[in-house]
Amino acid sequence: MAVTSRIGFRGRLVTVMVTMVAIVSLSIGALLMLYLFEDEKARALEQLSLGEQVAEEVLERRTSLILSFCPGWTL
């Protein structure tokens, strides 16, 4: 109680305002990090999907090339 009486009204007001600014800043930072994480996750899934399509096309072309050289083979 002695500390609050020494600080006074202005000191308590400044303390509350600084605390509120810190809480709002941390909340905005957390939301921004969440948004960026979700965006990065979506971008990674898109790149993986594209990579999968390219790999499948390469495998199909190589398979057809091999089978064109060896007509008696089947899969």
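Tutor: Start at Glu 40, which is partly exposed, with a relative accessible area of 45%. The classes are buried (under 20% relative accessible area), exposed (over 50%) and partly exposed in between, computed with a 1.4 Å probe on protein chains only. This is a predicted model, where local features need pLDDT of at least 70 and side-chain atom pairs count only at pLDDT 80 or more, while totals for chains, interfaces and linings use all residues. Residues are numbered from 1 along each chain as its sequence is written, and side-chain values use heavy atoms, with hydrogens and water left out.

Now the partner. Glu 40 meets Arg 43 in a salt bridge, 3.5 Å from N to O. The term requires a side-chain nitrogen of Lys or Arg within 4 Å of a carboxyl oxygen of Asp or Glu. Side chains of opposite charge can pair when their charged atoms come close. Both residues, Arg 43 and Glu 40, lie in helix α1, three residues apart, or about one turn of the helix. Helices are DSSP runs of H or I with at least four residues, strands are runs of E with at least two, and numbering goes from the N terminus.

Arg 43 has a second bridge. Its partner is Asp 39, with the closest N and O atoms 3.0 Å apart. This pair also sits in helix α1 (residues 2-69), four residues apart, again about one turn. Arg 43 counts as partly exposed because its relative accessibility is 40%. Asp 39, at 32%, is partly exposed too.

Next, the remaining pair. The side chains of Arg 61 and Glu 57 form a salt bridge at 2.7 Å, N to O. Arg 61 and Glu 57 are four residues apart in helix α1, so about one helical turn separates them. Arg 61 is exposed, at 56% relative accessible area, whereas Glu 57 is partly exposed at 41%. The structure holds three salt bridges.

Move along the helix. Leu 32, Met 33, Tyr 35 and Leu 36 make a nonpolar surface patch of about 460 Å². Patch residues have over 30% relative accessible area and no salt bridge; like charges are joined within 9 Å, and nonpolar side chains (Val, Leu, Ile, Met, Phe, Trp, Tyr) within 5 Å. Met 33 is found in helix α1. Met 33 is exposed, since its relative accessible area is 57%.

Ser 25 is in helix α1 as well. Its relative accessible area is 46%, so Ser 25 is partly exposed. The Ser 25 side chain reaches the backbone oxygen of Val 21 at 2.8 Å.

Finally, the whole chain. It has one helix and zero strands. Buried residues make up 1% of its 75 residues. Its accessible surface is about 7200 Å², and 71% of that belongs to carbon and sulfur atoms. Accessible areas come from the Shrake-Rupley method with a 1.4 Å probe; for residues, only the protein chains shown count as cover.

Definitions and conventions
A polar contact is a pair of N or O atoms within 3.5 Å; within protein, one must be able to donate a hydrogen and the other to accept it, and residues adjacent in sequence count only if both atoms are side-chain atoms.
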